[in-house]
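Subject: Structure handover

Hello,

Here is the structure for you to look through. My notes on it follow below.

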Amino acid sequence: MAANTDRGNPGRGNPGSVVLDRNNLDQAASPYLQQHRDNPVHWQVWSPEVLKAAEAAGKPILLSIGYAACHWCHVMAHESFENPEIAAVMNELFVNIKVDREERPDIDAIYMNALHLLGEHGGWPLTMFLTPKGEPFWGGTYFPPESRYGRPGFREVLVKVHEAWRDNKAAVAQNTKMLVDGLRGMAKPQSRDRLELSNNVLDQVADQLLGHVDPEHGGIGAAPKFPQTGLFDLLWRAYLRTGRPDYSIAVINTITRMAQGGIYDHLGGGFARYSTDAEWLAPHFEKMLYDNAQLLGHMAMVQAETEDALLRQRIEETVAWCLREMTADGGAFAATQDADSEGEEGRFYVWQKAEIDALLPPDEARLFCLAYDVTPEGNWEHKTILRRSLSPELGNSETEARLARAREALFMARETRVKPGRDDKVLADWNGLMIAALAELALQYDRPDWLAAAQRAFAFVTAAMSRGDRLGHSFRNGQLVFPGLLDDYASMMRAALALYEATGEAEYLDRAKRWGAVIESDYADAVNGGYFLTAKQAEALIARTRTAADNATPSGNGLLTGVFARLWYLTGELDWRERAQSLLDAFAGEVARNFFPMGAYLNGFDLYNNAVQVAIIGRRGEPDTEALVRAAYKVSLPNRILQVVAPDAGLPETHPAHGKTQVDGKPTAYVCLGPTCGLPVTTPGELIASLKATRAV
């Protein structure tokens, strides 16, 4: 039985029950908060009672937000939060609250937006100063203990901010009003311009986006570089829709450079969060479940077209990493792996040439060092981050077999090192991303074990992280953070539909529909359209976030455009079409204002407008039917919607293949674009050809 941590019921308890003169993080489930339990800072867990206690004490709040795998969070902790003298200043002047941004993204979103309103760049650790009511009045990110890097020292910041709070109430009140008004305004439509979405708009966005792609190393812009998977999905979709080769070149170059760069773990699989340089060499070494889930789907979409052996290998290695390193108790997936081990960033992952020479025979060591940029001087802080040379002479099969044996030897040696920590909390939204990816990969690559892993994770989330039809957000050690967020529902609905299409099991479709009813009841913005991040029953924060802008993860509103469209095509129920159209209308003006964070939303519109419906008339489990199902996943077709119906059942009346039958009693597939279906096909090869005919390439 799971204990529950409620976001709702803000009146429970009383401020007198909160002890402010001790560190209370020993009561927290979050691994990130547990990392700070022994700090001399009197950290508190965010709660309405702590805010009331701060008000009773007449103290401002210092809010520190981070996450377990965050390198600079660890740096600030070691420099300042473990320093007794700095901690004493914090304890004297402030009520100190520590928040895990992954456990409470609703809180993080509000105060990160407040920092942006102050004109500052975002990042973690996020350091904000609040009134006892939770209203921000000033903030920043990382502060060194003493002034350096052009940043004021944290000790100095603490004193100056408290002096302003004490002596300049009018200025603090003015700042507070400006920020709170700005935060509440952000939930309203930011543009009243009505944009009529169309394929032409998608093409214009793709064309503008292409101009921001680094033509040499790939990725968007210069350093630092993030995967930006949703935007490269958008470019790939534009390639399939238009046939323009410059779109495909940009996508293939980017994912290849990443897959060969230091951002990828060439021994253990999986991608780090981002690169600190333009050429994908030096990452911050933390690995996030959400990045790898999105990159798996992206690589598979490209690899289905290119049949590239490198991407196939990276997919298999990354799934192996996920199943080996990230499977949590119960079968769901853990959140992150840390960047640091033994107090050093990247220590687990980097090498000295002498280590490799000692582990491999001389000829094998020379080959490996040539292939992976290993030199005595190193390529990063006098050490080597493994990255793969793009030299074509290294690509023959004999050489690749030798390199594979060398990688295995180094991997086994690396396993004896102290591993980075793992944040093993289970997040519903991130799990939804990985479940959907695995469900689709399983059919594309004929891997029933991957499908079984996706089903296990889905079963855990629905059993351990739900109350009836309502989801929680985060689960660890029997504690559930409840209620969930919009992103949890959007990701898990997408996962349910991916599993439904992969298996034909109606329970997955039913589950998605029931979750859709919950978000309409609990999250809908009846005034402006779209959905709020938090439920109406949740703890009342100073603002209620409503956005379709992606961060490192796709936004809930963005994902739901595609989820609702998919539900409409699968069920024929008009309500889902209307909800998709309403959601698209609610945020269409944002595309003209700034399309960069709108990848999930625009890709959802692409599905809504350009779905390719594949109807297979046959019985699940029969070999010929399953062969057609697998064939449907062999083509790069992100707008594919697959439905398998038995010969004695029927498709929805709205489906263009409604009423169509088998040919000569064989399982038969129909490929439909808009209201028109192609000729019936009965073999996998014919189906693949029919699917490719729907594209421009």
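The largest cavity holds about 130 Å³ of space. Of its 15 lining residues, G262, Y264, D265, F285 and Y349 are the closest to its centre. Sorted by class, that lining has 10 nonpolar, two polar and three charged residues.

This is a predicted model: local features need pLDDT of at least 70, side-chain atom pairs count only at pLDDT 80 or more, and totals for chains, interfaces and linings use all residues. Numbering starts from 1 along each chain as its sequence is written, and side-chain values use heavy atoms, with hydrogens and water left out.

Some terms. A cavity is a set of points, on a 1 Å grid over the protein atoms alone, where a 1.4 Å probe fits but cannot get out; lining residues have an atom within 4 Å of a point. Grid points are joined across faces, edges and corners, and a volume is the space filled by probe spheres set on the points. Ala, Val, Leu, Ile, Met, Phe, Trp, Tyr, Cys and Pro count as nonpolar, Asp, Glu, Lys and Arg as charged, and the others, Gly among them, as polar.

In total, there are three cavities of 30 Å³ or more. Helices (H or I, at least four residues) and strands (E, at least two) are DSSP runs, numbered from the N terminus.

**A304**

A304 sits in helix α11 (residues 289-306). A304 touches Q444, K634, V635 and S636, leaving out residues up to four places away in sequence; contact means heavy atoms within 4.5 Å. S636 is 332 residues from A304 in sequence, yet their C-alpha atoms are 5.1 Å apart.

**The sheet**

Five strands make an open sheet of mixed pairing, in the order β2-β4-β3-β5-β6. Strands pair if DSSP finds at least two bridges between them. At the edges are β2 (43-45) and β6 (136-140), each pairing on one side only. β5 (residues 126-130) and β6 run antiparallel, joined by four bridges. M128 has G139 in β6 as its bridge partner.

Best wishes

How values were computed
On a 1 Å grid over the protein atoms alone, a cavity is a set of points where a 1.4 Å probe fits but cannot get out, and a pocket is an open set with protein on both sides within 12 Å along at least five of seven lines; lining residues have an atom within 4 Å of a point.
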